[in-house]
Amino acid sequence: MSKTILITGGAGFIGSHVVRLFSNKYPDYKIVNLDKLTYAGNLENLRDIENHANYIFEKGDIVDERYIKDLFSKYNFDGVVHLAAESHVDRSITNPMEFIMTNVVGTVNLLNAAKDAWKGNEDGKLFYHVSTDEVYGSLGDTGLFLETTSYDPQSPYSSSKASSDHFVRAYGNTYGMPFVISNCSNNYGPNQFPEKLLPLFINNIRNGKALPVYGDGKFTRDWLYVVDHAIAIDKIYHEGRNGETYNIGGFNEWTNIDLIKVLCKQMDIALGNAAGTAENLISYVKDRPGHDKRYAIDANKLKNELGWEPSLQFEEGLVKTIAWYLGNKEWMDNITSGDYQNYYKQQYS
Ligand code: NAD
Ligand code: DAU
């Protein structure tokens, strides 16, 4: 059945993989990608599908209430997959207000527009809110985040995401808004902005620059290949139950320092350098304020209910990821010129 779906943040890292998957898999759908094109949004990520007949790009800001209302009038959306956000924890520490505006106010603008557009006609409609495991806070050495784990966000970023999750559930409860939420662990893969650990370190190794490891490096994250996240989003969008939350994760925990050492080894191989070359660049630096110690996701609800599992083993995903960044140096060089240099100086000097 044909549908018109609004995907927000589709020019970003995860959003571009979701747009590509939906556009390729559902030729009968109309996919509208709404993105403000902040520093993190890049239309280069979508070059291969930009001429598809079922794809439309709209440049706009989810914080602009009038614009969002007009967009919902222009298109008769059947669904929203909401990914647009400020997404980097370090930036949220420097500038929390940007996160409140986009992640909280922007989400409520979208909810209001969807509520008004779908009023009395909610059948077949869906507001899919893409969220993060960081809303659950930080774990000790054991335990996993379940969908029922209480929220305990610790950074301005995770607080803004937690707030937006609460608003989505409140609109479901109060106005009967059909919704699903997913909370995913750390993504890696092609097209990630090089402020995040893996692309930052890949780029620094390529350029012989220091690898800034925060604190003692013993912080733990669960890593998932971005295409597997997009596949999970597709599954949940089409088969998830109204009002439910699904955790998405890679069943793949690493301490940062162990992950970085594996990355260094693979980078030496990929660049044809002597073993140990990249590891010599490791430099322990001041810790991130309020740094969450450990995230770990139990994704068994998604596995058992909808039959989703990560398709890629981590080592395979990492090799593919390195190959993509080394094969797309121009993509990296374009986004690391200009403003990125100022960000880097401010964050790391
Ligand atoms: P990203 O920073 O790479 O991309 C965000 C996109 O949103 C960019 O294209 C940007 O231009 C756009 N955007 C930002 N502000 C906007 C605004 N006001 N109006 C319209 N567009 C705007 O982020 P990402 O890593 O792809 O994350 C996407 C979503 O997934 C976010 O909601 C994030 O919280 C969530 N998430 C990310 C991860 C991860 O590991 N990256 C894990 C779990 C959940
Ligand atoms: O868990 C999901 C979240 O994962 C998403 O919601 C966020 O949008 C995404 O940015 C990511 O958050 P993290 O803070 O975990 O990702 P980041 O890549 O910034 O950092 C990963 C780990 O590496 C973290 O423990 C901090 C550490 N780190 C990061 C950078 C950028 C360093 O040691 N040095 C660095 O320079």
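View 1. The side chain of Tyr157 has an N or O atom 2.6 Å from an oxygen atom of ligand 2. This is a predicted model, in which local features need pLDDT of at least 70, side-chain atom pairs count only at pLDDT 80 or more, and totals for chains, interfaces and linings use all residues. Residues are numbered from 1 along each chain as its sequence is written, chains are lettered from A and ligands numbered from 1 in the order written, and side-chain values use heavy atoms, without hydrogens and water. For Tyr348, an N or O atom of the side chain is 2.6 Å from an oxygen atom of ligand 2; for Asn186 the value is 2.8 Å. Ligand 2 has 25 residues around it, of which Asp133, Tyr157, Arg288, His291 and Tyr348 come nearest (a heavy atom within 4 Å).

**View 2. Helices α6 and α8.** The axes (lines fitted to C-alpha atoms over the stretch in contact) of α6, residues 197-206, and α8, residues 256-271, come within 11 Å and cross at roughly 40°. From α6, the contact (heavy atoms within 4.5 Å) includes Leu197, Phe201 and Arg206, and from α8 it includes Asn256, Leu263 and Leu271.

**View 3. Helices α1 and α7.** Helix α1 (residues 13-25) packs against α7 (residues 226-239) at about 55°, with the axes 9 Å apart. That makes α1 oblique to α7. Among the contact residues are Phe13, Leu21 and Lys25 of α1 and Val226, Asp234 and His238 of α7.

Notes: Axes fitted to C-alpha atoms, helices over the stretch in contact; angles between N-to-C directions. Helix = DSSP H or I, 4+ residues; strand = E, 2+ residues; numbered from the N terminus. Polar contact = N/O pair within 3.5 Å; in protein donor to acceptor, adjacent residues only side chain to side chain. Parallel < 35°, antiparallel > 145°, perpendicular 65-115°, else oblique.
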